[in-house]
Amino acid sequence: MSAPIAYVLFLSFAVFCFGACGFLIRKNALSLLICLELMLSGVNMAFVGFSRLHQNEGGNVLYFLVITVAACESAIGLALILNFFRLKKSVRLDEARALEG
Amino acid sequence: MEEQSHLQCIAALAVLLPLVGSALWFSLGKKFGEKFVSIGAVSFLALSFACIAYIFFTATLPLRINFFQWLPLGTSSVSFAFLFDPLSLALSMVVTGVGTLIHLYATGYMHGDAGFGRFFSYLNLFVFSMLMLTLSDSLPGLFLGWEGVGLCSYLLISFWFTDEANASAGKKAFIVNRVGDFGFLLAMFCIFKVFGALSIPEILQTVQAGNFSGDDLFWTRLACFGLVLGAAGKSAQIPLYVWLPDAMAGPTPVSALIHAATMVTAGVYLCCRMQPLFLLHLDVLNVIAYMGAITAFFAATIAIFQNDIKKVLAYSTISQLGYMFLAVGLGAPVAAYFHLITHAFFKALLFLGAGSVIHGLHHEQDMRHMGGLRTKMPITFWCMTIGVLAIAGVPPLSGFVSKDEILHNVWGNHDWTLVALAFTTAFMTAFYMGRLWIMTFFGKFRGHHEAHESPWTMTSVLVILAAASALAGILNWPHLWGGSETLGTYLSTVVQALIHHAEDPAHALQSSLTLAVVSSLVGLAGLTIAYFRYRNFSGEEFSSPAFRPFQNKYYIDELYDAIVVKNLRMFGKFLWKVVDGFVLDGVLNGSAALASRTSTYLRQLQTGLMQQYALWIWIGFLILLLGAWTGRS
Amino acid sequence: MVETFLSNPDFIKWAFFAGKILLLFGLAFGVVAPVMIWVERRVAGLIQDRYGPNRVGPFGLLQSLADGIKLLLKEDLRPTEIRPVFYLLAPILSVIPAAMAFAVIPFGPPTTLGGLLPTPMRLQIAELNVGLVYVLAISSLSVYAIALAGWASNNKFSVLGSLRASAQMISYELAAGLAIVSVILLSGSVDLMAIAQSQTEMWNIFPGFLAFLVFLPAIFAETNRTPFDLPEAEAELVVGYHTEYSGIKFGLFFLAEYVNMATVSALCILFFFGGWEFLPWLSWEKIGVDLNTFWFIPTIWFFTKIAAFLFFFVWVRWTLPRFRYDQLMSIGWKTLIPIALLNILITTTYLVFEKAS
Amino acid sequence: MFLSEYLGVAVLLILGLLAGCGAVAAAWLFGAKRYYPNKTSAYECGIPSEGAENERFSVRFYLVAVSFILFDIETIFLVPWALGFRGFLDNGHGLYIWTVGLVFLAVLTLGLVYEWRKGLLDWNT
Amino acid sequence: MLQQSLFIIMAALVLLTAGLVAFRPRPIESAMWLILNFFFTAGLYVLLGSHFVAVIQILVYAGAIMVLFVFVILLLNLDPKELGDETSLHWSSVVMFVGMLSFLLLILHVAGPQTLEPMEGLLPDSKFGSVEALAQKLLTDYVWGFELAGVILLLAIVGVGMLAYRKPKPKTPKFLDHQERPV
C-alpha cells in the first residue's frame, strides 16, 4: 500500500509552485537557477508518481531524461551567469534589461 | 533476397557517394585544400562508376531496387526506388564514366581557383542529380533529378558570378528551363490523372496493356506534348534552345560535362524512357522528328558564323541533339541512344580540347586570335583532330557509325524533307568543325599570349576520350558490315524500332554501303572546303549583308526579347505601380500603422525583466487551467 | 525466561542487525582511524629511518588516544571573518557521508552464524538492490564538506584549497565511475554482494586490469592522499581547506578521511580482489573450510585484505612525491578517462564477439 | 527489497550526525575560549592579510565542474546499459546493445575530444 | 499505514525545504536547503518504490548539479552588497498560491475520488524500481531518448565551451577578475 496518487501530484505541483514563486520574486540569477531546479524536481515527482501508479518504468526513464536536461540547463545557465558577471560585476537580473552592452 | 540486399547497398553507394562528396567539399572544401578535394572528388566519382559498372556486369536486368515508401498518394503511392534497365544503366555508365574523366580534367583546369571546393561540390551534386534522373523508377524521382541538374547547371554557369554576364547567363538557363519544367509537370499531372500512378514501369505496363477511351487519349496526348516541351527545354531544342549558347559562360569542364555530354541528353533519355507512351501518338513523334531536324539544320547554320570556339561547339551540340531527336521521332531510339553515347565521348573530347586550348592561351576564346597551335600543343591537337574527324563523320570513327545509322533511318523513312535537312546538316557540321580545327591549329599564331601545353591531368583525359571517340563505333557496328550491334541487342528489351528495312540482305548491304560512302563523302567535302576557305585565314572574316542574320543568330534573342521579355516587363510594371503601389501597399501601410499604434501600448509589457515574462507565462497557464476546468463541467 | 527471549527469532534478527552496525561503525571510527594514524606515523618513521611516536603506551600505540583527547580539549577557535553556520556545518558534513557509505558494504557471505539464525542472512547493513550506485551517490556528497569548509573560512588559502580539492575529487570521481561501469559489465550486477560472489572463479583484477589501473589512482585522488594531496599541499596552501580549522573540527576532517580510505579500500577489494575469497581461483569451499561453522573466517580475511590495502596507502604516501596541479588534472582527464572509455569498448567488444563465436 | 533495509542507512546517518555534532559540542563545552584579535584573524602565515578577501578565482574550476556533471550523467546512463548488457547478450541481441552503447559513448567521446582540442582540459593559467 | 505516515512526513519536509529554497535571501542558503530538499525527495521516491531513481536523485542532483552551484558561489565569492536586496514575499507569490489551490481542486474535480485511494502495492517479486527494470525499458522503448540524451550532453559541452572558455593570454596574472577592494 502506498500513498494516493493525488497526494503525489499535489506535492509535485506544490514544489513546482514554490520553484515558480521563487523564480518570480528572486532578484539574483543564481537563486533563479536554483528555483528552476526546484521546478524541474517538482515535475520529476509527478513522473515518478505516475510510474509507480501504473507500475511502468516509463516515467522513471523520463525522469532520467529530465535530469539530463536539468544538468545541461544549469551548466549553460551558470556559464551565462559567469559571463554576465564578468560584464556587469553583478548577478542581479534586473541589470540585464538592455539588449546591448 | 541476399543478392538483392547487397546490390541495394551498392546502388545506394553509387548514388550517395557524389552527394556526400558534394556536402563535404561544400562545407569543408576550404579546409581540406585543393589537393585533398581533387583526390577526393575524383575518387568518389571513380568509386561511383565502379559501383555502376559492378551492377552493369553482374545484375540480371531489369532490376528494381526499392528503398522506402516516399509519397503516399491516395490509393497508390510512390516508392523511392531505382530501376536498373539497359536504358538507365547505359546512360549512368556514361554519366559516371565521362564524369570521372571530366572531374580529373577539372582538377587541372580549375587549379588555383578560389572556389575550387565549391566547384567540385557543385559538380558532384550534378552527378548525384543526374544519377537520380536516370535511375529513378518514378516520375517524381526523375523530376527531382531533373530539377537537380537544372539547379547545378544554373550554379555552374554562373560559377564566376561576380561577372554580370555569367550571372545573367545562369538566370537565362534557369528561366528557359522553367518553361520546359512546366511541360514536364503538366505531363506528370496528366499521366497521374489517366493512370493513377507515377511509377514508370507501372505506367508503361498499363500503356502496353492497351484499352483507352478517347478521353484518356486526349490526356495522354497532352502528356506527350508536355514531355516534348520538357525535353526540348532541357535538351535545348527549338524553341527553347536559346539558353545553351549562353551557358558557355561557365567553366569549360562544366560545358563538357553538363552542356554536352550528359544533362542536355536528358531530354533524349526521357523520350526513350517513355517511348511506349509516344507510340500511342505517332503524330507527336512526327513533331519530335521535325523539331529535331529543324533544330539540327538551324543550329548548324549559326555555328558556321561563330567566332567563339565554345559557341561553335555549343551550337554544334544543339545540332547534334537535333539529330538525336530526329532519330527518336523517326522511331529509331537505338540510333538516338547510340549517337547519344558517341556524342558524349567526342563532344566531351572537343570541349575539353577547346578548354585545353583556352587554358593554354590564358582564357582566350576567340578563334580569330588563335591559329598555328599545332606545334605548340601537339597532344591537344591530335586529340582534337580525332574529335573533329569523328563529328564530321569520317569512317571508321564513332561519329561516322552513329550518324550513319541515323541517316540510314532517315533514308528508310522516305520523308525527303528530313533527308535533305539531315544531309545538309551533316555537310555543314563537317564544314564548321573543319573551320574550327583549321582556325585554331593551322596558319600562323594570331594571339597575344604565349601558348603552352596543358598539364597531364588534362591531356591524359583528352587521350582517353580520343581513344573512346575513335573506338566507340564498335558498340553498335551494324550487322550488315559484320558487326554485332551490341547496343541494339542490349536495348531491344526496353525500346522498339519502328522502321524495319524489309529488303533482302544483299540489296540492304548495297544501299547501306552507298549511304555510308555518300555520308562520308559529304563529311570529307565539308572538311575540304573548310580547309581551302580558311587555310590562309588572316583574322578578317569577310562580311556580307546576306550573312548578317546568321552572324546574329537569326535575331532570335532579340525576338524573344521583343515578344516575351518586353511584355512581361510591362506587366511587371503594371503590377508594381498599380497592384503593389496602391492596393497592397495600402493594406500593408494601414496594418503597419495599426500595429505600430498597438505596439506603442504593448511595448510597455516588454520590460526586459525575464521574471515578468515568466509571470505572464504563469498567468496564461492558469487561464488554460481554468479553461480546462470549466470546459469539463 | 531470558533464554526464551534470547531465542526469539525477532530478537535475534534485531540483535544481528545492531551487531552489524556496531561492528562496522566501531571498526571504522574506533579502530581504523586511530590505528591508521599511529601506523602512518610509525611507517613514516620506518621509511624515513627515524622512530615515530613510541612513548605513549607500548610502541606508542596510545598516541592516537592522547591526540584525540588533546583535540577535544583544545580551544574552540573561531576566526572573525568566517561565515559562522557553514563553518560549523562543514566538519559535520564530512563525517556523515563517511558514516553512510559503508551501509551497503558486505563483509562476508550470507551466513546463519553457525546455526544461530534460522535462515542465512547477509553480513551487510542495508541490503539495497542499487548498492553500488548508492556508494557512488554518497561518496559524491563528500565534496560539500570541503567546498563549504573553504568558503566558510573566507580565507584565500582555504578557498583555493577547497576549489582545488573539489575539482580534483569530482574529476577523479568520473574516472572511478567509468571504471566501475567496466566492473558492472564484468559482474553483471550492481549489488555489491553479487559482485563479490561473481568472483569465486576468477577475480576481476585479471579481466579488468585496465579498470583497476584507472580505479586505483582515482581512489587515491578521491581521498586526497599522496601523490594526489594537492589540496593540503602545505608548501603552497598552508593546509588547504582546513587552514582555519583547529581542535576537534579539524579532527573530524581527519577522521572522515581515514574512514573514507577504509571504505574505498573495501570497495576496491570487492570490485577487483574477490572480496572475502581466499585466493584467485581458490575459494574457501575448494580448500574445504566449513563455512557453516567457521563463518567468521571469510570476514576476518576480508578485513585483513583491507588492512593490507590501507598499509599500501600509507606506503605510497611516504614513497611517492606529489604531482603538480596541472599534471594532476591532465592525468585525470587526458589519461584515466580515455583509458576507462577504451576499456569499456574493449570489454563490450570482447563480450559481444566471444558470444558470437 | 524492503523498506526496512533503509533502516540501516537511517541509523548510520543518525550515528554520523551524532558523532559530528557531539564532537563539535564537546569541543565547545570543554575547550578554552580566550580570544583576542590577532588570534582570530584570518590565517596568513603571521603577516596581516593582503589583497581582497573575496577574491575571484579562475573560471577553469567551473569548466572542470561542468565537464564533471555532464560526463557524470553519461556514466549514470552507462550504468543501466552495462547492467542490461548481459541480459541482451543472452537473448541474442548482443550486437544491438553494443551498438546502442557505443553510439552513445561515441557521441560523448566527441565531447571529450572537443574539450581536449579546444584546450578546456589544459591547466596552464 | 507506516508507509503512508512516512510519506506524509517526507512530503511535509519536502514542502518545508522547498519553501525555504524559494524564500531564503542568500543563494548559498537556498542551495543548501535545496540539497536537503533533494534528500527528502529521494526518500519520497524510495517510498514510491523507485529505488534507482532515488539514488540517482542524490547522485545527480545533490552530488553533481548542486556541486556546480556551490562551485559558482565559491568562484564568485560574492559579498552581501553585491547580492543585492531580496524581496522575500511579493504579490506574485499570492497569485502562485491561488494557482496551487486551483490545481488541487482541479485534480479532485477531474480525476474523481479514485485518485484518493492508495496505489496498489507492489508484488513481492516485482522488479519495479530496480536498475534492471529501468535498463530494460530504457534500452528498448526509449532507446532514442537514450541516444538523444547523449547528443544533448554533447551540445551542452560545446555550449559551455563556447560560453565560458577564454583563450589564456600569454602573460596574465594568476587570477582573473580582480575586484577593487571596497574602502
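I'll start with helix H19 of chain B, where 20 of the 26 residues are buried, so this helix is largely enclosed by the rest of the structure. Before going further: this is a predicted model.

H19 of chain B covers residues 416-441. From its first C-alpha to its last it reaches 37 Å, close to the 38 Å expected at 1.5 Å a residue. After the helix comes B:Gly443, and its phi is positive, near 70°.

Next, chain D, and its helix H1, residues 5-30. H1 of chain D also has 26 residues, and it reaches 38 Å, close to the 38 Å expected at 1.5 Å a residue. Which residues of H1(D) are buried? They are D:Gly8, D:Leu12, D:Gly16, D:Ala19, D:Gly20, D:Ala23, D:Val24 and D:Ala27. As for what covers them, the cover includes four helices of chain C: H2 (9-47), H3 (63-73), H4 (84-101) and H11 (247-272).

That brings in chain C itself. Chain C has 13 helices and zero strands. Read from the N terminus, its elements are therefore a run of α, as in α-α-α-α-α-α-α-α-α-α-α-α-α. Chain C has 357 residues, and buried residues make up 53% of them. Take the contacts in chain C between residues at least 6 apart in sequence: 77% of these join residues at least 24 apart.

Now the contacts made by chain E.

S1(A) pairs with strand S1 of chain E, residues 118-119, in the antiparallel sense and over two bridges. A:Pro4 has E:Pro118 in S1(E) as its bridge partner.

Chain E also touches chain D. Here 41 residues of chain D are in contact with 45 residues of chain E. On the chain D side, helix H3 (60-90) and helix H4 (94-118) are the elements that give two or more residues. H3(D) has the largest share, 18 residues. That side of chain D divides into 29 nonpolar, six polar and six charged residues.

Last, the nonpolar cores. Which residues have the most contacts inside the largest nonpolar core? They are E:Leu68 and E:Val72, in a core of 264 residues. Helix H3 of chain E, residues 51-76, gives the most to this core, with 23 residues. Why does the core lie between two domains of chain E? Domain 1 (1-78) and domain 2 (126-168) of chain E both give residues to the core, so the core lies between them.

Leaving aside its neighbours within four places in sequence, E:Val72 is in contact with A:Leu30, A:Leu78, A:Ile81, A:Leu82 and D:Tyr62.

Key. Residues are numbered from 1 along each chain as its sequence is written. Chains are lettered from A and ligands numbered from 1 in the order in which they are written. This is a predicted model: local features need pLDDT of at least 70, side-chain atom pairs count only at pLDDT 80 or more; totals for chains, interfaces and linings use all residues. Two strands pair if DSSP finds at least two bridges between them. A nonpolar core is a set of buried Ala, Val, Leu, Ile, Met, Phe, Trp, Tyr and Cys residues joined through C-beta atoms within 7 Å. A residue is buried if 20 or more other C-beta atoms lie within 10 Å of its own, exposed if 12 or fewer, and partly exposed in between; C-beta atoms are placed from the backbone. Domain bounds come from an automatic or database domain assignment. Two residues are in contact if their C-beta atoms, placed from the backbone, lie within 7 Å. The expected span of a helix is 1.5 Å times one less than its number of residues. Ala, Val, Leu, Ile, Met, Phe, Trp, Tyr, Cys and Pro count as nonpolar, Asp, Glu, Lys and Arg as charged, and the others, Gly among them, as polar.
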